[in-house]
Amino acid sequence: MERKDRIALLVEHARNPRHQGVLEDADVAMPGGGPECGGSVVVYLKGDGDGRIEDLSFTGQGDTISMGAASVIMEKVRGEGLAMDEVLDLDYGAFVESLGSDVIGSRTRNATLGLSTLKSAVRKYQRDKRSGA
């Protein structure tokens with residue numbers, strides 16, 4: 001994909017985010033981010049009790065990169081039906097590269113805000129499930 005197409009993809013996702021909104025029956029609502037990350041998000045995760053993601057959404061505010069990339073990762077996880085362990089195995093560098101490191105530049109934290117918060121939500125879900133919460 002050419003640079004202009006990668007930029008267009010991020011802008012489109014930032015303007016029309018996929019899987020955005022509060023998930024009322026979520027098992028986990030994980031906040032993440034801050035000014036150094038280009039914004040803040042809350043990832044809502046509902047597990048199926050068997051290591052798979054039943055539902056997933058996010059809310060947030062931030063710059064085009066942080067919000068666009070958060071939408072892209074939600075769409076990837078939902079579209080590919082990734083299991084929780086597969087989400088934890090996602091590589092930050094590979095994700096940034098898929099968005100275009102030339103587009104992201106030095107704003108790697110912005111680009112990985114959604115993914116890092118999603119991984120935190122998965123880890124919390126798994127901890128809570130192990131502890132019987």
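Q: Hi! How many bridges do strand 2 and strand 3 pair over, and in which sense?
A: Strand 2 and strand 3 (residues 53–62) pair over 9 bridges in the antiparallel sense. Two strands pair here if DSSP finds at least two bridges between them, and helices (H or I, at least four residues) and strands (E, at least two) are DSSP runs numbered from the N terminus.

Q: Before I go on, what sort of model is this?
A: This is a predicted model, where local features need pLDDT of at least 70, side-chain atom pairs count only at pLDDT 80 or more, and totals for chains, interfaces and linings use all residues. Residues are numbered from 1 along each chain as its sequence is written, and side-chain values use heavy atoms, with hydrogens and water left out.

Q: Thanks! Which residue stands opposite L45?
A: That's L56, in strand 3.

Q: And what about the hairpin of strand 2 and strand 3, which residue takes a positive phi?
A: G49 does, near 85 degrees, and that hairpin has 5 residues between the strands.

Q: How does strand 1 pair with strand 2?
A: Strand 1 (residues 28–34) pairs with strand 2 in the antiparallel sense, over 7 bridges. In strand 2, V41 is the residue opposite G32. Their hairpin has 4 residues between the strands, and G38 there takes a positive phi near 80 degrees.

Q: How many residues of strand 2 are buried?
A: 7 of the 9 residues in strand 2 (residues 39–47) are buried, so the strand is mostly covered. Buried means under 20% relative accessible area, exposed over 50%, and partly exposed in between (1.4 Å probe, protein chains only).

Q: Switching to helices: at what angle do helix 1 and helix 2 pack?
A: Helix 1 (residues 3–15) and helix 2 (residues 64–80) pack at about 85 degrees, with axes 7 Å apart. Axes are lines fitted to C-alpha atoms, for helices over the stretch in contact, and angles run from 0 to 180 degrees between N-to-C directions. That makes the two helices roughly perpendicular, a label for 65 to 115 degrees.

Q: Who meets whom there?
A: From helix 1, L9, L10, V11, H13 and A14 meet residues of helix 2 including I65, M67 and V72. Contact means heavy atoms within 4.5 Å.

Notes. Angles under 35 degrees count as roughly parallel, over 145 as roughly antiparallel, 65 to 115 as roughly perpendicular and the rest as oblique.
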